[in-house]
Amino acid sequence: MRSMPPVFFLLCFFSVLAVLNLSAAQTPIPAKYDGFVYGGGSLWKGLVIIEAFLDPMCPDSRDSWPPLKQTLEFYYPRVSLAVHPFALPHHSNAFASCRALHIANNLNASSTYPLLELFFKHQESYYNAPTYYRSRAFIIDQFSKIAAEAVGEGSYSAIKSAYNDSRTDMATRISFKYGCSRGVMGTPSFFVNGIPLPDYGSALDFKKWKIIINPLLTEKK
């Protein structure tokens with residue numbers, strides 16, 4: 001389970017205040033609903049809607065993804081998913097990886113989930129300890145190379161330059177603030193049809209997903 005240190009609750013508190021109280025100039029309303037829809041299209045196309053708050057640098061988020069992906073493929077098209085990138089503050093490289101997801105989504109929406117899986121694959125190389133003496137420029141360069149694998153050949157320069165675009169920074173910040181506004185305090189966190197599941201920070205296996213989803217689909221027959 002990846003839960004938050006006490007300081008994180010203060011961050012969430014002030015982030016919620018920012019979302020609710022700051023003017024539009026300070027906290028812009030995003031042009032579209034936050035999150036990346038699995039398979040593209042509308043999140044609302046499914047009979048059951050799952051929202052997952054994941055950190056690409058979180059091992060529990062990584063472990064939660066295979067059974068969640070299996071669930072989506074098993075129930076398609078009756079279940080839809082949006083992943084909200086949520087950068088945990090105690091993972092040094094989380095924000096940069098979440099920003100890479102926004103950049104990839106802007107350049108090639110079909111690359112977002114392949115990139116998430118690449119981050120999970122290479123995650124251990126970018127934990128706090130292995131990158132303790134690495135500069136921010138080094139991490140951005142490495143993440144740009146990883147993202148280019150997903151986005152496509154020749155995309156490296158566009159990805160790296162997008163790290164200098166304030167819009168990708170703001171989108172990543174809004175994703176974090178949105179999670180705080182929903183009461184997210186760790187990853188993975190899941191919502192089903194808008195209702196938070198208990199035991200945030202723990203992966204759910206395929207069997208547990210079926211126990212949750214099957215009754216909902218039965219009710220809609």
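Reader: How many disulfides does the count come to?
Author: A disulfide is a covalent bond between the sulfur atoms of two cysteines. Here it is taken as a pair of cysteine sulfur atoms within 2.5 Å. The model is predicted, so side-chain atom pairs count only at pLDDT 80 or more, local features need pLDDT of at least 70, and totals for chains, interfaces and linings use all residues. Residues are numbered from 1 along each chain as its sequence is written, and side-chain values use heavy atoms, without hydrogens and water. By this rule the number of disulfides is zero.

Reader: Is Cys 58 buried or exposed?
Author: Buried means under 20% relative accessible area, exposed over 50%, and partly exposed in between (1.4 Å probe, protein chains only). Cys 58 has 0% relative accessibility, so Cys 58 counts as buried. Cys 98 is also at 0% relative accessibility, and therefore counts as buried.

Reader: How many residues of strand 2 are buried?
Author: Strands (E, at least two residues) are DSSP runs, as are helices (H or I, at least four), numbered from the N terminus. Val 48, Ile 50, Ala 52 and Leu 54 point one way from strand 2, while Ile 49, Glu 51 and Phe 53 point the other way, and all are buried. Strand 2 (residues 48–54) is therefore largely enclosed by the rest of the structure, the buried count being seven of the seven.

Reader: Which residue of strand 3 is the bridge partner of Ile 50?
Author: Two strands pair if DSSP finds at least two bridges between them. Strand 2 and strand 3 (residues 79–85) run parallel and are joined by seven bridges. In strand 3, Ile 50 has as its bridge partner Leu 81.
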